Amino acid sequence: MNQNNMTPSLSPSFLERMKILLGEEYPLFLKSYELPRTFGLRVNTSKITCEEFEKIVPFPIRPIPWIENGYFYDETSRPSRCPYYQAGLYYLQEPSAMTPASRIPVNPGEYVLDMCAAPGGKATALGSNLRGKGLLVANDISTSRARALLRNLELFGTSNVFVSNEAPEKLTRSFPEFFHKIILDAPCSGEGMFRKEEALARDWTPEKSSELAHIQRQLILNGFDMLRPGGLLLYSTCTFSPEEDEGTVSYLLENRPEAELEEMPWYKDFSHGIPSFGNGNASLKRCIRIFPHKMNGEGHFMALIRKPGEALQTSSPVATKVDKAARKLIEDFLQEIGLSSLGGHPFDWNRVEVRKDKVYYLPPVSCDFRGLTFLRNGLYLGDLKKNRFEPSQPLALAIRKGEATSCISLNINDERIPRYFKGETLTISPEECSKSKGWHLLCVNGYPLGFGKLVNGILKNKYPAGWRV
């Protein structure tokens, strides 16, 4: 996108406000609209280390200096067509949008909430950091967006997740002071994304910020009330609007006076929050602003808020029961593929639940989700059919490299991989498989892509129709 078609889309009211906001930096900001947008990916470190990824990635990448596991790539690389993307090894995300999840410390075993989670950029990062321990609640009020969110979490192999489709105020009633960490990437006027999405610039009005600030202020109170003592809330937007940024954080500080703003890991090209844009509280300087004329990314705002106090006791482990016949069918399958662990942890039968012949692997902690609308509780393992267990695509993607012995691993350039993604059967030579028949994981250089069933040297394709590319 160049300035010739971008500048007319920018409202004079918006430009005037940015001139006041930026002062002498305003000309550089305006010039940033002449520059092309940047493209980024974030490595799924629950499946592969950055060092390993750098060795195998088949297109040029450059480290994003303020994101530990983030990389720039060229638009022409088309990484969504790479088999490693279908294996869930990385997520495509605008570089600045990676920053919020990188600035809230999430540790395995914690209970974490992403309040407005779709399409999944921040939720997949949080889930990766949890390493299969604790609980991730990923919520979006839009049903269609929540479905896209679920798909991305399945692609990443996230097993300890509850994907809900609820209004945040209802979540607040279900989870008072429950979560250790919360991300609220609030719906906003999107001013920071004008260069990326010109339609946002065309639709912008001066009144939009006030309308959205009203929503944001209720959301941030909801989020703070779900935070347990000692917990952290990361509030973020992709707008420059002071009313939606420092103004919303000021509203929280005034209505929850115990809330404290925390420092975040700093990068040299970040900008501080501006207290005069809010209620003058000096701690607002601890907020972070990202401007496109100073960094290789779009606009963003972040504030990290602590609820003082000591953490409360966590919930007890989940405990379920599966009838003997169903367990036998599942066990037989797991033995057939030689599964030694799942997502880096021993397989836990206390987490297995059967609902109407569908088998799920629940998060490892006991929670009361009654009354909430949800798309998924845990990992969908597969279906119980007559005298057999049929595995799911999410199960394939939850299995880490080396966790199963019944694998067929193809090179990334093998022409059979794109044919597999189209649902075609594949010819497999005896030396390429661990056994002559039965269930196998098809992998790209050891990283699972999906299941197939081998019969007489032919792999019957079990890649689901809804996943095909």
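In this predicted model, Trp 66 and Tyr 267 are both buried. Their rings form one of the 34 aromatic pairs that are counted in the structure, and, because the ring centres lie 5.5 Å apart while the planes meet at 35 degrees, this pair is classed as tilted. Trp 66 belongs to the loop between β2 (61-63) and β3 (70-73), whereas Tyr 267 belongs to the loop between β10 (260-262) and β11 (271-272), so the pair ties together parts of the chain that are 201 residues apart in sequence.

A second aromatic pair, that of Phe 333 and Trp 439, is edge-to-face, with 5.8 Å from centre to centre and 80 degrees between the planes. This pair likewise links distant parts of the chain, since Phe 333 is located in helix α13 (residues 324-336) and Trp 439 in strand β21 (residues 438-444), the two being 106 residues apart. Phe 333 and Trp 439 are each buried. Elsewhere, ring pairs join Phe 14, Phe 29, Tyr 33, Phe 194, Trp 204, Phe 240 and Phe 291 into a cluster.

Among the helices, α7 (residues 121-130) is mostly covered, with nine of its 10 residues buried. The buried residues of α7 are Gly 121, Lys 122, Ala 123, Thr 124, Ala 125, Leu 126, Gly 127, Ser 128 and Leu 130. Just after the end of α7, Arg 131 adopts a positive phi of about 55 degrees. Helix α12 (residues 246-255) is also mostly covered, with seven of its 10 residues buried, namely Glu 246, Gly 247, Thr 248, Val 249, Ser 250, Leu 252 and Leu 253. These buried residues of α12 pack against α11 as well as against the strands β9 (227-237), β10, β12 (288-290) and β13 (300-306).

When the lining of the largest pocket is divided by class, 19 residues are nonpolar, eight are polar and nine are charged.

The second largest pocket holds about 370 Å³ of space. Its lining is made up of 16 residues, and those nearest the centre are Glu 68, Asn 69, Ala 101, Ser 102 and Asn 129. Both α6 (99-102) and α7 supply at least two residues of this lining, with α7 giving the largest share, three residues. By class, the lining of the second largest pocket comprises eight nonpolar, five polar and three charged residues.

Ser 159 is placed in the loop between α8 (143-155) and β7 (161-164), and, because its relative accessibility of 13% falls under the 20% limit, Ser 159 counts as buried. Apart from neighbours within four places in sequence, Ser 159 is in contact with Gly 132, Arg 351, Tyr 361, Pro 363, Gly 378 and Leu 379.

Ser 341 is placed in the loop between α13 and β14 (352-355). At 15% relative accessibility, Ser 341 also counts as buried, and its contacts, again apart from neighbours within four places in sequence, are with Pro 346 and Glu 403. The C-alpha atoms of Ser 341 and Thr 237 lie 39 Å apart in space, and the two residues are separated by 104 residues in sequence.

Technical notes
Residues numbered from 1 in each chain as written. Predicted model: local features only at pLDDT ≥ 70, side-chain atom pairs only at ≥ 80, totals over all residues. Heavy atoms only, no water. Buried < 20%, exposed > 50% of the residue type's maximum accessible area, 1.4 Å probe, protein only. Helix = DSSP H or I, 4+ residues; strand = E, 2+ residues; numbered from the N terminus. Nonpolar A, V, L, I, M, F, W, Y, C, P; charged D, E, K, R; others polar. 1 Å grid on protein atoms, 1.4 Å probe; cavity = no way out; pocket = protein on both sides within 12 Å on 5 of 7 lines; lining within 4 Å. Points joined across faces, edges and corners; volume = space filled by probe spheres on them. Contact = heavy atoms within 4.5 Å. Phe/Tyr/Trp six-rings, centres within 6.5 Å; stacked < 30°, edge-to-face > 60°.
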